[in-house]
Each structure stands twice: as structure tokens, then as C-alpha cells.
Amino acid sequence: MNQENKDRYSRQIKLKQVGEEGQRLLLASRVLIVGMGGLGSPVSMYLAAAGVGSLVLTDYDHVDVSNLQRQIVHTHADLGELKAVSARQTLISLNPNVKVTALDYELDERELLEQAAQADVLVDCTDNFPSRFALNHASIITSTPLVSGAAIRWEGLVSTFMPARVSSPCYQCLYPDTGIEAATCAMEGVIAPIVGVIGAMQALEVINLLLKTGDSLAGRILALDGITMEWENITLLKDPDCPACSQQHQS
Ligand SMILES: [Zn+2]
């Protein structure tokens, strides 16, 4: 590791769970972040700053003025710009030593599977069920851990799905595909920092997974109520009839 990196990451290297070896592991890691909105902003900024060496960002939306209240990876100067491109610029200015790839178009299933297979961890920062189910499917097929977050109104959820573990539930065990559209922040509203808290938790979980430290969120959900300021730790079981992950449906 060169001196600049030793200095840049010195506060992490100081931690016994990280050290130079752990930092090298982060620098050699690749993470796919789907959605560069309210959750994708803190997830990508913390992972870039922490020195996760390769980040792939996907989003085909443009920056709208109504996004700027909470999507802090974009600035006023980025209005109208593609979110993936705008986010990449911010991350590069935060840490020019991290490789950031911006995919500013809708990935088809083949491309999503290719990207998932190359990643060490997938991060769900989207706001709709079709994208979430597609990413969950890619996680199961490629056996790549998926860190999922959701935030709306004053509430947020974070969980991890580990398809390599037979007993681990998947995203669709939690949310069966009912065809009902997810409520969105545009419909329901959202208080700005709730996406920051949940996104930061996702970034922390990604780092724990990459370093194999800590107790992962696999098999449980952390739910934050931003009004009462309480976290709930909810156990999540695998649905034996889940169409996405149960064995009988996979053959
Ligand atoms: Zn499932």
C-alpha cells in the first residue's frame, strides 16, 4: 500500500478488525449499487471514501430539483444530468483513487447477471418492486450477498440476503410479488435524513460483509421509526414456498 493510501485510510487501518490487510481487501473489492437516489447517495459516498476499490453505479434517471432535498451525491449544478454520471463525478472528487463505473441505462437481465457475478456485494437502493425483484433474482442466481434498504416517510428498513446459505431468506420471502406497486417518496413524502441513516447502515453492512466482520443482518430486518427514534430487530424466516429462492422452484 502506498503512503497516500496509508494516510487516507489511517483511521480505519487503526481498527483491529481492519488493519492494512483489511484495507487492502476493501481496495480489491467490487460493489454494485443499483439506484443513485436517496439511499444510493450515502451508500456510494461512504464506500468511495472508505476505499472500496471498485464501485459500479446504475441509474438511468436524471437529477430533478425535488431530488436534492435528500439525494446528497447530486448538487444543484447537476440538475438535468444523468444520476449515474453526476454521482460518479462526486465520488471521483471525494476519492480519485477509487474506480467508479457509471451505467446510465436500464440493464437488461443478462447485463444485470453479468454485473452481479463480478461484484462481491450487491446493494439495493431502488424504489420499486420490479427492480428489487430483478436484483434479488440476480443475487440468487450468482450467489452474491444483497444488502437491501428502503426508506419512506419517517421510516426505514435494512436487511441482508445471503443466497449462499441454504437457510437464508431472500427479498421475495419478505415481499411476495403481489403485483401491487410500492409506495414511493413522491406519493408519501420522506424526511431527508432517514435515507441517510438507512444508506449509512447499508454501507456499514457492506463493509462488514467484505471484511467478514460483525454479525450480518442476514435473517433479520432492522426497522427504524424516526418519530419514536427506536430500532426494531425483526427475525425473518425463509418462505419454503418462495418462488424466487425455494429449492423446488429452482430446478
Ligand atoms: Zn425467497
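This is a predicted model: local features need pLDDT of at least 70, side-chain atom pairs count only at pLDDT 80 or more; totals for chains, interfaces and linings use all residues.

Modeller: Happy to! Contact here means heavy atoms within 4.5 Å. In that sense, Ser44, Met45, Ala48 and Ala49 in α4 meet Thr90, Leu91 and Leu94 in α5. Two packed helices are described by the angle between their axes and the distance between the axes. For helix α4 (residues 40–49) and helix α5 (residues 83–94), the axes come within 9 Å and cross at roughly 30°. Angles under 35 degrees count as roughly parallel, and α4 and α5 are therefore roughly parallel to each other. Their crossing is right-handed.

The axes of helix α6 (residues 109–118) and helix α7 (residues 129–142) come within 9 Å and cross at roughly 50°, which makes α6 oblique to α7. The crossing of α6 and α7 is right-handed. On the α6 side, the contact involves Glu109, Leu112, Leu113, Ala116 and Ala117, which meet α7 residues including Leu135, Ala138 and Ile141. The residues of the α6 and α7 contact divide into 8 nonpolar, 2 polar and 1 charged.

Elsewhere there is a zinc ion, and its protein donors are the SG atoms of Cys170, Cys173, Cys242 and Cys245, lying 2.3 Å from it. The 4 donor atoms subtend angles of 97 to 123° around the zinc ion, so the arrangement is tetrahedral.

Note on methods:
Residues are numbered from 1 along each chain as its sequence is written. Side-chain values use heavy atoms; hydrogens and water are left out. Axes are lines fitted to C-alpha atoms, for helices over the stretch in contact, and angles run from 0 to 180 degrees between N-to-C directions. Helices (H or I, at least four residues) and strands (E, at least two) are DSSP runs, numbered from the N terminus. Angles under 35 degrees count as roughly parallel, over 145 as roughly antiparallel, 65 to 115 as roughly perpendicular and the rest as oblique. A crossing is left-handed if the near helix is turned anticlockwise from the far one by less than a right angle, and right-handed if clockwise. Ala, Val, Leu, Ile, Met, Phe, Trp, Tyr, Cys and Pro count as nonpolar, Asp, Glu, Lys and Arg as charged, and the others, Gly among them, as polar. Donors are N, O and S atoms within 2.8 Å of the metal (3.2 Å for Na, K and Ca); water is not among the atoms, so sites may look incomplete. Four donors count as tetrahedral if all angles lie between 85 and 135 degrees; four count as square planar and six as octahedral if opposite donors are over 155 degrees apart and all others between 65 and 115; anything else is irregular.
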